[in-house]
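Thanks for coming. I will go through one model, starting with the contact between its chains and then taking each chain in turn.

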Amino acid sequence: MSAEPFFISLQQKFTAQMVHLNTLDAAVGDGDHGSTMLRGLSKAVAAGDTRRAKAFMRASGGASGTLFGLLLIEIERHLDTGAALDSGLSAACTRICDLGEVKVGDKSMVDALAPAVEALTADNLSAAISAAAAGRDSTRALVARRGRSQYVEDGGKGHIDPGAVSVVIFLETLAETIASRAEARS
Amino acid sequence: MKKLFNTAETMVDDMLDGFVSAYPQVKRGVNDSRVIVRDSNVKSADDKVTLLIGNGSGHEPIAMGFVGQGILDANVVGDVFAAPSADLILDGIAEVSGAAGSILLISQHSGDMINGRGAVMMAQDEGINVIALPMYDDISAAPPERKKDRRGAAGTMFIYKILGAAAEQGRSQSELFALGESARDRIVTLAAAVSPGVSPLTGLPMFTLPDDEIFLGMGVHGEPGVGRVKVGPVSELVAEMIDKLLADRPIASGGRACVIINGMGGTTMMELLTIWTETRARLAKDCIRAIAPMIGSFVTTQEMGGFSISLIDPTDDMLALWCAPSDTPSFPKITQLEKALSS
């Protein structure tokens, strides 16, 4: 199976959300999160199977390209080969925390990803999505400790983290992709 | 500022076209044109550990100029002043990896560390035997008790050369890694900037500095360091820098140090040789012999004016490896020759 429908759908969502994500990022970073993600996703859609997350990394560039790319690699592998999603996302989360030197509570993508990994059961993404959304919303009250947002006023307190928003979109899109596959089979 | 480029989009590849066509020791990678690989006297990667590094471009000749026999097997070339992406570094690792294993050297800067270590994780997932060796030597970036937070600077060239020569001898991946860590512990670097480089992307100076001031400890992209000092005689500046280097990592009286005097792009050989003279004299005051120097502009930031002094207090093994022959486009011949101070 190909991960192409997932990346097409993700690209559509980020096209719609790009300005919103850039606006969120402008409050805590350099205001390009939506554009950067969309640039990577456009290349991922154009790339061949098994090369999509890597194409995302190359095109979005920077450290965020690598960190979100490591998450997309696991999703792509699951959709391509049926590799277990729970252990894949768990490994990606561990690596993102390690490389980015972040943990839960630092106001980052990990605040959405870590609780999602915790809540994920083999075949049920909805609990993971709810946990990710709650984690995303929790970033509003948090003060950033890593990345550019640590240098903005009050560490970005009062603003939601755009990376956490993106993680929720990834998971929602993944659930939709899996559901439409099941529908096509029945 | 006038710069001689075609377009921003093609400047890196235009440079690489020139590089691989000018030097017999190198070629472009088979799977990725942004990977420069060794093309002379290549040994099987099943027998020899391969060494590679990724870095942003704009700092030439480092690191592509050190690809060849006795130093690096590959260099992964990013965009101007931008760390190469993890998948690009992965392509570089895949290009040179074999049964003997590989070591990815990483000059410690945030983007290089995240992308380099991410690439190593992805390579390991694919069954490739590769490990990462972070390199750091800039004493102005963190105090000795937080050595691991320091950034990579020109002293990392000691590690390239020492590991490269040792890999050529057929030493194992674990031996090389331990040797690299041991060398890293013995290296200190401090830089002094006098004028900014101009970004080829923006055409603008990368920082500003008054005419009568020198910035001590500034990083290669203009990152802050120790602070500003007034311009005075070069002998005083060098003495102050050596004081700081020896305070950070003392070398015993009667000892020796290999020295790198690295120009940042806009400082002349005339000045660099003067700096070497002063370095040698200041070390002699503490009865430390300055030996086997490497002098020239190797880690540059366009036409940035300034230099760095790097010292390593080498073991006999490290000294022999530092002076071992190599054949790359840009690494100079290092000789162990020790001259009396009066000559």
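I count two residues as in contact if their C-beta atoms, placed from the backbone, lie within 7 Å. This is a predicted model: local features need pLDDT of at least 70 and side-chain atom pairs count only at pLDDT 80 or more, while totals for chains, interfaces and linings use all residues. Residues are numbered from 1 along each chain as its sequence is written, and chains are lettered from A and ligands numbered from 1 in the order in which they are written.

First, the interface. On that contact criterion, 13 residues of chain A touch 12 residues of chain B. On the chain A side, the elements giving two or more residues are α3 (52-60), α4 (62-81) and α5 (85-100) of chain A. Helices here are DSSP runs of H or I with at least four residues, strands are runs of E with at least two, and both are numbered from the N terminus. The largest share of the chain A side comes from α4(A), with 6 residues. By type, the side of chain A that touches chain B divides into 4 nonpolar, 6 polar and 3 charged residues. For these classes, Ala, Val, Leu, Ile, Met, Phe, Trp, Tyr, Cys and Pro count as nonpolar, Asp, Glu, Lys and Arg as charged, and the others, Gly among them, as polar.

Staying with chain A, there is a helix pair to look at. The axes of α1 (residues 4-28) and α8 (residues 162-185) of chain A come within 10 Å and cross at roughly 160 degrees. That crossing makes α1(A) roughly antiparallel to α8(A). On angle conventions: axes are lines fitted to C-alpha atoms, for helices over the stretch in contact, and angles run from 0 to 180 degrees between N-to-C directions. Under 35 degrees counts as roughly parallel, over 145 as roughly antiparallel, 65 to 115 as roughly perpendicular, and the rest as oblique. Residues making the contact include Phe6(A), Leu10(A) and Leu21(A) from α1(A), and Val165(A), Ile169(A) and Phe170(A) from α8(A). The residues of this contact divide into 10 nonpolar, 5 polar and 3 charged.

Now chain B. The domain assignment gives domain 1 (11-185) and domain 2 (187-322); such bounds come from an automatic or database domain assignment. The centres of the two domains of chain B, taken over C-alpha atoms, are separated by 23 Å. Between them, 25 residues of domain 1 of chain B are in contact with 31 residues of domain 2 of chain B. On the domain 1 side, α4 (156-168) and α5 (173-185) of chain B each supply at least two residues, and the largest share, 6 residues, comes from α4(B). That side of domain 1 divides into 15 nonpolar, 4 polar and 6 charged residues.

Next, the sheets of chain B. Two strands pair if DSSP finds at least two bridges between them. One open sheet has 6 strands in the order β1-β2-β4-β3-β5-β6 (chain B), with mixed pairing. Its edge strands are β1 (26-28) and β6 (130-135) of chain B, each pairing on one side only. Neighbouring strands are turned by 25 degrees against each other on average, direction ignored.

Working along this sheet, β1(B) and β2(B) (residues 35-38) pair in the antiparallel sense over 3 bridges, and these two form a hairpin with 6 residues between them. Lys27(B) stands opposite Val37(B) in β2(B). On to β4(B) (residues 74-80), which β2(B) also pairs with in the antiparallel sense over 3 bridges; here Val35(B) has Val76(B) as its bridge partner. By contrast, β3 (residues 50-57) and β5 (residues 102-107) of chain B run parallel, joined by 4 bridges, with Thr50(B) opposite Ser102(B).

The other open sheet has 6 strands in the order β9-β8-β7-β12-β10-β11 (chain B), again with mixed pairing. At the edges stand β9 (227-230) and β11 (289-296) of chain B, each with a single partner strand, so one side of each is left without a neighbour in the sheet. The twist averages 20 degrees from one strand to the next. Strand β8(B) (residues 213-216) joins β9(B) through 4 bridges and the two run antiparallel, with Leu216(B) partnered by Gly227(B).

Which helices lie across strands of chain B? One is α4(B), which lies across β7 (187-195), β10 (256-263), β11 and β12 (305-312) of chain B, at about 115 degrees to β10(B). Another is α7(B) (residues 269-285), which lies across β10, β11 and β12 of chain B, at about 165 degrees to β11(B).
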